[in-house]
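Keep the 3D view open as you read.

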Amino acid sequence: MKLVLSPTGGLCIEAEVSSDWQLLLGILHDAQGSGFDLASQVGGHMNHADASQDWEEFVLTDLRDGFLADLKTVLTAVEAARLVAADGPGQVWIGREDARHWYSALNHARLALEAIHHFGSGLAIDPDELVPSRLAAGMRAHFYCAVQSVLLDLGLG
Amino acid sequence: MAATETLTHTSEDTALDLPWNVVVHDDPVNLMGYVTWVLMKICGYNEQEAVRLMMQVHKQGRSIVWCGQREKAEFYAQQLQSHQLTTSLEKAV
């Protein structure tokens with residue numbers, strides 16, 4: 001897997017082998033795994049008695065719809081590129097207009113992984129101490145974070 | 001026959017509506033540069049103020065990033081949550 005900056009200010013993710021496509025699709029699996037509800041998570045400190053009565057009904061619904069739309073943007077781009085590449089070497093282009101959707105989806109996945117594995121802010125991973133599934137999750141979180149950092153440097157619009 | 005006397009007592013009680021705080025809470029995932037960018041974008045702060053508030057979140061676990069009218073506080077909270085920052089509302093004391 002390679003990350004290449006495009007001349008137009010976007011980002012190109014170059015998948016080299018089949019497992020790279022699985023890693024990219026992992027963004028969606030991680031974000032939606034284990035019934036993680038990001039909308040509830042980001043409002044976890046809300047005292048709903050203090051908020052408007054319709055907060056739960058309207059705001060949470062809007063938040064869930066927005067997060068899901070970001071995930072769908074990523075899924076659509078990855079699936080289309082994977083189809084063209086026939087699961088082999090290929091490229092996913094992230095234009096500046098889609099950078100925020102990608103950032104959101106990657107953040108969603110990292111928050112979901114954090115809720116399960118509690119890596120902490122350092123993401124310190126000791127391969128000798130982690131069970132394989134947790135080690136793999138930590139590596140994915142590292143990858144997602146690396147892509148996010150590049151997107152942030154490029155500007156989220 | 002005694003005349004009926006009507007007494008009318010009128011009282012007025014006025015209380016100012018308390019302002020509301022929009023509070024951003026720390027989490028181990030959101031990147032510091034991203035939190036700064038969101039505070040600039042949503043709350044309209046310049047970079048220096050956004051960095052100051054971001055560092056307060058990072059070091060103290062939370063920061064009051066805006067205070068004022070309830071409806072606007074709810075709007076900011078919703079916008080910050082839509083950018084995946086853990087955000088709550090509380091009455092200012």
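In this predicted model, start with helix 1 of chain A, residues 18-32, and helix 4 of chain A, residues 99-117: their axes come within 7 Å and cross at roughly 50 degrees. Where do they touch? From helix 1 of chain A come A:Ile27, A:Asp30 and A:Ala31, and they meet residues of helix 4 of chain A, including A:Trp102, A:Ala105 and A:Leu113. Sort that contact by class and you get eight nonpolar residues, one polar and one charged.

Stay with helix 4 of chain A and look for another partner. Helix 3 of chain A, residues 55-85, packs against helix 4 of chain A at about 105 degrees, with the axes 8 Å apart. Helix 3 of chain A and helix 4 of chain A are therefore roughly perpendicular to each other. On the helix 3 side of chain A, the contact includes A:Phe67, A:Leu71 and A:Val74, while helix 4 of chain A brings A:His101, A:Trp102, A:Ser104, A:Ala105 and A:His108. By class, this contact divides into seven nonpolar, four polar and one charged.

Now for helix 5 of chain A, residues 132-154. Its axis lies 9 Å from that of helix 4 of chain A, and the two pack at an angle of about 150 degrees. That makes helix 4 of chain A roughly antiparallel to helix 5 of chain A. Among the residues making the contact are A:Trp102, A:Tyr103 and A:Arg110 of helix 4 of chain A, along with A:Arg134, A:Tyr144 and A:Leu151 of helix 5 of chain A. The tally by class is 13 nonpolar, three polar and three charged residues. As for handedness, helix 4 of chain A passes helix 5 of chain A in a left-handed crossing.

How much space lies in the largest pocket? About 280 Å³. The lining has 19 residues, and the closest to the centre are B:Asp27, B:Pro28, B:Asn30, B:Leu31 and B:Met32. In chain B, strand 1 (20-25), helix 1 (32-43) and helix 2 (47-60) are the elements that give two or more residues to the lining. Helix 2 of chain B gives the largest share, three residues. Sorted by class, the pocket lining has 11 nonpolar, five polar and three charged residues.

Methods: Residues are numbered from 1 along each chain as its sequence is written. Chains are lettered from A and ligands numbered from 1 in the order in which they are written. This is a predicted model: local features need pLDDT of at least 70, side-chain atom pairs count only at pLDDT 80 or more; totals for chains, interfaces and linings use all residues. Side-chain values use heavy atoms; hydrogens and water are left out. On a 1 Å grid over the protein atoms alone, a cavity is a set of points where a 1.4 Å probe fits but cannot get out, and a pocket is an open set with protein on both sides within 12 Å along at least five of seven lines; lining residues have an atom within 4 Å of a point. Grid points are joined across faces, edges and corners, and a volume is the space filled by probe spheres set on the points. Helices (H or I, at least four residues) and strands (E, at least two) are DSSP runs, numbered from the N terminus. Ala, Val, Leu, Ile, Met, Phe, Trp, Tyr, Cys and Pro count as nonpolar, Asp, Glu, Lys and Arg as charged, and the others, Gly among them, as polar. Axes are lines fitted to C-alpha atoms, for helices over the stretch in contact, and angles run from 0 to 180 degrees between N-to-C directions. Contact means heavy atoms within 4.5 Å. Angles under 35 degrees count as roughly parallel, over 145 as roughly antiparallel, 65 to 115 as roughly perpendicular and the rest as oblique. A crossing is left-handed if the near helix is turned anticlockwise from the far one by less than a right angle, and right-handed if clockwise.
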